[in-house]
Amino acid sequence: MAFGFGSGLSPFAPGTAGTLAAIPLYLLLVQLPLWGYVAVLLAMSLVGIWICGESSRRLGVHDHGGIVWDEFAGFLLTMLAAPTGWVWIVVGFFLFRLFDIWKPWPIRLVDRDVPGGFGIMFDDILAGIYAWIALQVLARLVGA
């Protein structure tokens, strides 16, 4: 699970591959009522703390590049209540990847200083929050 159904095994940019692999899951979840989407997102995030922490422990590497469950949760957070359509999926994808790679404050601090599964998950949750805000503002600006 931590390797995102195998997407984290990508030899090139596993985080990006993991985010791409999250799109089909998003397409399934977006059909749920908003409360259902939020419930699944919350469950994925909480279970992700254990999944990522345990995988990291077994691999002996904190936040191994192949662990992409956090990217799944961060992307799904980005897409929470997003406008419908492929354009918004692509915009959400790029915004999430931007914030996950750039790591503006406090994301970089969390990534560097918070240990275990919580740290692995929380930096991507923060990137998802930043991307969600940007996506929502952009959607309002273009009237979507």
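Let's start at Phe-118, which is partly exposed, with 42% relative accessible area. For that term, buried is under 20% relative accessible area, exposed is over 50%, and partly exposed is in between, using a 1.4 Å probe and protein chains only. Before I go on: this is a predicted model, so local features need pLDDT of at least 70 and side-chain atom pairs count only at pLDDT 80 or more, while totals for chains, interfaces and linings use all residues. Residues are numbered from 1 along each chain as its sequence is written, and side-chain values use heavy atoms, with hydrogens and water left out.

Now, the aromatics. How many aromatic pairs does a search of the whole structure find? Eight. A pair here means rings of Phe, Tyr or Trp (the six-membered ring for Trp) with centres within 6.5 Å; planes under 30 degrees apart are stacked, over 60 edge-to-face, and the rest tilted.

Take Tyr-26 and Tyr-37: the ring centres are 6.3 Å apart and the planes sit at 80 degrees, so that's edge-to-face. Tyr-26 is in helix H1, residues 14-29, and Tyr-37 is in helix H2, residues 34-59, so the pair ties together parts eleven residues apart in sequence. Helices, by the way, are DSSP runs of H or I with at least four residues, numbered from the N terminus. Are these two tyrosines buried or exposed? Tyr-26 is buried at 3% relative accessibility, and Tyr-37 is buried too, at 5%.

Back to Phe-118, then. Its ring and that of Phe-122 have centres 5.1 Å apart and planes at 15 degrees, so this pair is stacked. Both belong to helix H6, residues 116-142, and being four residues apart puts about one helical turn between them. Phe-122 comes out partly exposed as well, at 28%. There's also an aromatic cluster made up of Phe-5, Trp-69 and Phe-72.

On to the backbone. Which peptide bond is cis, with omega near 0 degrees? That's the one from Trp-105 to Pro-106, and Pro-106 is in the loop between helix H4 (86-102) and helix H5 (107-113).

Ala-13, with phi near 50 degrees, is in the segment before H1 and is partly exposed at 30%. Asp-63 has a phi of about 55 degrees; you'll find Asp-63 in the loop between H2 and helix H3 (69-78), partly exposed at 22%.

Technical notes. Helices (H or I, at least four residues) and strands (E, at least two) are DSSP runs, numbered from the N terminus.
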